[in-house]
Amino acid sequence: MEKQETSLEQFAEWLRSREKSRNTIDKYVRDARHFLEYVGMESWEKAQVLLYKEYLQKKYMTSSVNSMLVALNCYLRFMERPECCVNICRMQRRLFREESRELTFQEYRNLVKIAKKEKRTQLSCILQTIASTGIRVSELQYITVEALKSQLVEISCKGKQRVILLSGSLTILLKDYCRKMKIEHGSIFVTGKGKPVDRRYVWAGMKKLCTAANVAG
């Protein structure tokens, strides 16, 4: 166990050298330790990592499982064990509504199509970001220029942290948007006054878009 603690200390130092935030370092080390405590041995293979993933899926929500797996995969790469990394879990995506009124995939495509046609680029990107990541409207502020570089979004809410992965296609889309809008740092989705968009701001745009796309609001 002493060897494992040493590796965790080295992992923390490695994260610090990459200028990760204190919250991220604490979380990644905590999640890596959780895995090591689960396997209870110094020698393990991918089979044990897969069993650990199954264990997490039975105990935690999908978003939490993915957050822990992102941290674990980072630790595995640090330990030069990339062959043991595992895929994150697929998430069911909900767009703006309660489950009983969830947008269909076709409605989502229509909204994106109309947003592009009306040159409402920001709203189009917001729609695609929420669909790709499953985040809440209130969490859009965490989609930053800096997050695009690592393709990881660190969300902190009510003392809890989780990490969201950005797909390659979404990263390309948002980088192109930032380039066109000349956004060089901070939150990507902002109002005309430079403040992060809020729920009211997005809903106002969505209401007009739903009318144009003939989607029930």
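What covers the buried residues of helix 9? The cover includes helix 5 and helix 6, where contact means heavy atoms within 4.5 Å. The model is a predicted one, in which local features need pLDDT of at least 70 and side-chain atom pairs count only at pLDDT 80 or more, whereas totals for chains, interfaces and linings use all residues. Residues are numbered from 1 along each chain as its sequence is written, and side-chain values use heavy atoms, with hydrogens and water left out.

The protein contains 9 helices and 2 strands, these being DSSP runs numbered from the N terminus (helices H or I, at least four residues; strands E, at least two). Along the sequence, the elements follow the pattern α-α-α-α-α-α-α-β-β-α-α. A box of roughly 60 × 35 × 30 Å, taken along the principal axes, is filled by the C-alpha atoms. Of the 217 residues, 43% are buried; buried means under 20% relative accessible area, exposed over 50%, and partly exposed in between (1.4 Å probe, protein chains only). Among contacts between residues at least 6 apart in sequence, 60% join residues at least 24 apart. The accessible surface comes to about 13400 Å², with 49% belonging to carbon and sulfur atoms; areas come from the Shrake-Rupley method with a 1.4 Å probe, and for residues only the protein chains shown count as cover.

Helix 9 (residues 199-213) has 15 residues and spans 20 Å from its first C-alpha to its last, close to the 21 Å expected at 1.5 Å a residue. The expected span is 1.5 Å times one less than the number of residues. Val202, Gly205, Met206, Leu209, Cys210 and Ala213 are buried in helix 9. These residues cover an arc of only 140° around the axis, which puts them on the same side of helix 9; the arc is that of the directions from the helix axis to the C-beta atoms. An α-helix has 3.6 residues a turn, so residues three or four places apart point the same way. The face turned away from the buried side of helix 9 carries the exposed residues Arg200, Lys207, Lys208 and Thr211. Just after helix 9, Asn214 adopts a positive phi of about 60°.

Helix 8 (residues 168-181) has 14 residues and reaches 20 Å between its first and last C-alpha, close to the 20 Å expected at 1.5 Å a residue. Its buried residues are Leu170, Thr171, Leu174, Tyr177 and Cys178. Viewed down the axis of helix 8, the buried residues fall within an arc of 125°, so they line one face of the helix. Their cover includes helix 6 (121-133) and helix 7 (145-150). Exposed residues Ser169, Ile172, Arg179 and Lys180 are carried on the face of helix 8 turned away from its buried side.

A search of the whole structure finds 0 disulfides, a disulfide being a pair of cysteine sulfur atoms within 2.5 Å. For Cys74, the nearest cysteine sulfur is that of Cys85, 9.0 Å away. Cys74 counts as buried at 10% relative accessibility. For Cys125, the nearest cysteine sulfur belongs to Cys178, at 8.6 Å. Cys125 is likewise buried, at 2% relative accessibility.

Arg81 lies in the loop between helix 4 (62-78) and helix 5 (105-117). Its side chain is joined to that of Glu83 by a polar contact of 2.8 Å. A polar contact is a pair of N or O atoms within 3.5 Å; within protein, one must be able to donate a hydrogen and the other to accept it, and residues adjacent in sequence count only if both atoms are side-chain atoms. Leaving aside neighbours within four places in sequence, Arg81 is in contact with Trp44, Glu45 and Leu76.
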